[in-house]
Amino acid sequence: KKSVKDVEVRGKRVLVRVDFNVPLNEQGQITNDKRIQASLPTILYLVREGARVILASHLGRPKGQVNPKYSLAPVAEHLSEQLAQAVPFAKDCIGDAAMEAVSTLQDGEVLLLENVRFHAEEEKNDPAFAKELAGLAELFVNDAFGTAHRAHASTEGVTHYIPAVCGLLMQKEVDFMGNALERPERPFVAIIGGAKVSDKIGVIENLLEKVDALIIGGGMANTFLKAQGFNVGKSLLEEEKVELAKQLIEKAKAKGIELELPIDVVAALAFQADAPHRTVKVSEIGEDEMALDIGSASAEKFEARISTAKTVIWNGPMGVFEMEAFAKGTERVAQAVATCGGITIVGGGDSVAAVEKMKVADRMTHISTGGGASLEFLEGKVLPGVAALQDKE
Ligand code: 3PG
């Protein structure tokens, strides 16, 4: 794709779609600014090159209504500290408020527009709304990888009206994940976890076409254990997916892919941080027990596999890592990924949180800013926000 570096930006009004969908606490303070940090390279590049930068984003799901709870105003403040320059804030992303703010912008200045989702037209990808947004600028830069799976007015619609290129974060995300999937250094090991199989079917199916080994942990592993004939007691189980799990196990076998499932689990009597628990073989899970983490023998097996990898993609935790008693499996996997020496890519909110908690984030090759977007990317789906951008000649 053509990037912001391939076009002339000096003196131009540039509309940059960023993903500033950051978590805020009750007081409206930003509790994690990773997505803002990740957008700085593109913004700073445009500032240095003398562009007039107009930032647009969504925050939360205000359902097309103006709602102060979802205002981007706190982000403008935070961003101005990060950039060490004032970041004016326009109270609306279209109309007079937006146009006036844009008209006073000088080269190298940065403006943030209010939440695009305060207009129902945004998510409907309404052409008139998209045209109005596009009308603020002469060039569109999409740097919102986290929202690239949405065909909305500010991600897809605007590209019909002004030239559209990708930002540096968008490019990095697509390059790292795209290269890992299409041209991995082998062995290529994927680690998939999280609560439900149903959320990750597409990912597993796509990865089975590409990896040398697939590690499965987390709540979703129970459905695979059941498919292997084990009794999983009261564990989270998707009964209707057991047949599919069987097919996936067969498919992996037929393709010669090592499918690594837990061989032991931490089984608890309740879904509670202080619940009595023990580590048992998967063949010995009691009727009244639920698996809340992988056991130490599984962790060891997974570590051994990860240590051989030249490329690792990790999405989803191995257990209920928010509870200390059930965090070990995820922590050991995080350590193993951090030290394996290969190219390591972490995507999805929970595994990213685990990596941050373990303080190994800076030892990963790439941590995706996308939740749903990185999942869809791993499923091999075309992301509309990316597809709409211009190709390099
Ligand atoms: C995300 O946080 O995954 C993106 O910002 C997209 O948000 P959405 O799921 O509300 O579209």
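Guide: Let us start with pairing. Two strands pair if DSSP finds at least two bridges between them. This is a predicted model, so every label here rests on computed values.

Visitor: What makes strand 7 and strand 13 a pair?

Guide: Strand 7 covers residues 188-192, and strand 13 covers residues 311-315. Five bridges link them, in the parallel sense. The definition asks for at least two bridges. Therefore they count as a pair. Within this pairing, Ile192 stands opposite Asn315 in strand 13.

Visitor: Which helices pack on the sheet there, and what do they touch?

Guide: Helix 7 (residues 197-207) is one of them, touching strand 7, strand 8 (213-216) and strand 13. The direction of helix 7 makes about 165° with that of strand 7. Helix 12 (residues 349-357) packs on the sheet too. Helix 12 touches strand 13, strand 14 (343-347) and strand 15, and its direction makes about 120° with that of strand 14.

Visitor: In what order do the strands of that sheet run?

Guide: The order is 9-8-7-13-14-15. Six strands form this open sheet, with parallel pairing.

Visitor: Why are strand 9 and strand 15 called edge strands?

Guide: Strand 9 (258-260) and strand 15 (366-367) each pair on one side only.

Visitor: What makes strand 1 largely enclosed?

Guide: Strand 1 spans residues 13-17. Four of its five residues are buried, so the rest of the structure largely encloses strand 1.

Visitor: Why is Arg35 called buried?

Guide: Arg35 has 22 C-beta neighbours inside 10 Å. The cut-off for buried is 20 or more, so Arg35 counts as buried. Arg35 is found in helix 1 (residues 34-48). Beyond four places in sequence, Arg35 touches Asp19, Phe20, Asn21, Val22, Gly146 and Thr369.

Visitor: Is Arg61 buried or exposed, and what decides it?

Guide: Arg61 has 11 C-beta neighbours inside 10 Å. Exposed means 12 or fewer, so Arg61 counts as exposed. Arg61 lies in the loop between strand 2 (52-56) and helix 2 (73-83).

Visitor: Which feature does UniProt place at Arg35 and Arg61?

Guide: The unreviewed UniProt entry gives "binding site" for a list of residues, including Arg35 and Arg61.

Visitor: Why is Leu24 called partly exposed?

Guide: Leu24 has 17 other C-beta atoms within 10 Å. Buried takes 20 or more, and exposed takes 12 or fewer. The value for Leu24 falls in between, so Leu24 is partly exposed. Leu24 is placed in the loop between strand 1 and helix 1. Leaving aside neighbours within four places in sequence, the contacts of Leu24 are Gln29, Ile30, Thr31 and Pro74.

Visitor: Why is Ser368 called buried?

Guide: Ser368 has 27 other C-beta atoms within 10 Å. The buried label needs 20 or more, so Ser368 is buried. Ser368 sits in the loop between strand 15 and helix 13 (372-378). Among its contacts beyond four places in sequence are Glu173, Met177 and Ile345.

Visitor: What kind of peptide bond joins Arg186 and Pro187?

Guide: The bond is cis, with omega of about 5°. Pro187 is in the loop between helix 6 (168-182) and strand 7.

Visitor: Which domains does the chain have, and how far apart are their centres?

Guide: The assignment gives domain 1 (4-171) and domain 2 (184-378). Their C-alpha centres lie 35 Å apart. The contact takes 10 residues from domain 1 and six residues from domain 2. On the domain 1 side, helix 1 gives the largest share, three residues.

Note on methods. Residues numbered from 1 in each chain as written. Predicted model: local features only at pLDDT ≥ 70, side-chain atom pairs only at ≥ 80, totals over all residues. UniProt positions renumbered as here; feature names shortened; annotations may be inferred. Helix = DSSP H or I, 4+ residues; strand = E, 2+ residues; numbered from the N terminus. Contact = placed C-beta atoms within 7 Å. Axes fitted to C-alpha atoms, helices over the stretch in contact; angles between N-to-C directions. Domains from an automatic or database assignment.
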